[in-house]
Amino acid sequence: MFATRAARHRGVALGALLAVTLVMMMFSANPSVLLVQRGIGYAFKPFQAAVDGAARGVSSVVSAIAEIDRLRVENGSLRTENARLQNQARTTDELRREIQELTALLQLRNGFDYHTVGATVIAREPSEFRRLVTIDKGTDDGVLVGDVVVVGGGALAGRITEVGGNYARLLLLTDTTSTVIGQFANNASTGEVAGGLDGPLVMSKIDAAAKFGPGAEVVTAGIELAGGIRSPYPKGLVIGQVVDVRQDPNSIVQTAYLQPAANLENLEYVLVITDYRGGLQPSNQQQLCAPTSNGTLPDSEQPCATPAPTPAPTKKP
């Protein structure tokens, strides 16, 4: 009974749906209905265009946001890669600079007439008024007080003033207490070169007749006086180049200002000359000299070497 009723209901619904479909087909074929449909479509066309435009705009915004996010990620990756490459370039440049500096020292050592010990600068004097550095070699490596220190190209750096077993203190050429007798490489004129801290080296007491100008190179004079007295510095080490000259027409001397040959403010590697000794040579190498009236050499730099008196033999009673 219930099944029959349900079947009847389905049959009625299907018939009604079929009737509605037939009616709609009849009306859709009617020209008046088609005209109304076209009018409604035309009236709503601007709204449809607006809706379509809005949809396209939303789609474009969504696409732009996605593209911006992708570019942001790529930009971050590029920044990271760029930083890595910059660090790598800096490391490469630093290694190249160190290799060049060490190669220059090796070439100097191979062509040098003196025995040297390589050392690394490990500390600097914190005072603004001193120019001292500490190196990592000392008496254990044969380094002694008074040893001369050079850098690449044979440039003079200074002298050792204090030494321990595994360290030494180097007084730089630019310290105000440093004094070196310099000589122009193109003539025999000499002068006294003193340190100037942050300024140029000052070469004073130069003969007024000496001819030189900016760019002239100054080296250590390495004067060896009669009696076997040697300069504290070997001859020919490069001190610097003239950058300025001051001459007083009424003076018998002139003054030059020098740019140090080495960058002493950023020293890293040096060579210590361990087999040169200034002052009096060993007694078996000394030559006798004639002292001045007061028994000293000119400018009272060093006492003159004189032969030791030979004791007279004692007579036996």
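A residue is called buried when its relative accessible area is under 20%, exposed when the area is over 50%, and partly exposed in between, with a 1.4 Å probe and protein chains only. The structure described here is a predicted model, in which local features need pLDDT of at least 70 and side-chain atom pairs count only at pLDDT 80 or more, while totals for chains, interfaces and linings use all residues. Residues are numbered from 1 along each chain as its sequence is written, and side-chain values use heavy atoms, with hydrogens and water left out.

In soluble globular proteins, nonpolar side chains tend to be buried together. Strands (E, at least two residues) and helices (H or I, at least four) are DSSP runs, numbered from the N terminus.

Two strands are said to pair if DSSP finds at least two bridges between them. By this criterion, β14 pairs with β1 in the antiparallel sense over five bridges, and V270 is the bridge partner of A119. Strand β3, residues 148-151, also pairs with β14 in the antiparallel sense, over three bridges; here L271 is the bridge partner of V150.

Charged side chains come next. A salt bridge places a side-chain nitrogen of Lys or Arg within 4 Å of a carboxyl oxygen of Asp or Glu, and a search of the whole structure finds six. In one of them, R169 meets E125, with the closest N and O atoms 3.1 Å apart. This pair links distant parts of the chain, since R169 belongs to strand β5 (residues 168-172) and E125 to the loop between β1 (116-124) and β2 (132-135), 44 residues apart. E125 is partly exposed, at a relative accessible area of 22%. R169 also forms a salt bridge with E162, where the closest N and O atoms are 3.9 Å apart; E162 is partly exposed at 37% relative accessibility. Together, E125, E162 and R169 form a network of salt bridges.

Another salt bridge joins the side chains of R130 and D175, at 2.9 Å from N to O. R130 lies in the loop between β1 and β2 and D175 in the loop between β5 and β6 (179-184), so the pair ties together parts that are 45 residues apart in sequence. R130 counts as partly exposed, at 30% relative accessibility, whereas D175 counts as buried, at 0%.

Two single residues complete the picture. S231 sits in the loop between β11 (229-230) and β12 (238-247) and is buried, with a relative accessible area of 12%. Neighbours within four places in sequence aside, S231 is in contact (heavy atoms within 4.5 Å) with G222, I223, Y276, G278 and G279. Most residues other than glycine have a negative phi. K205, although not a glycine, has a positive phi of about 60°. K205 is found in strand β8, residues 201-207, and is exposed, with a relative accessible area of 56%.
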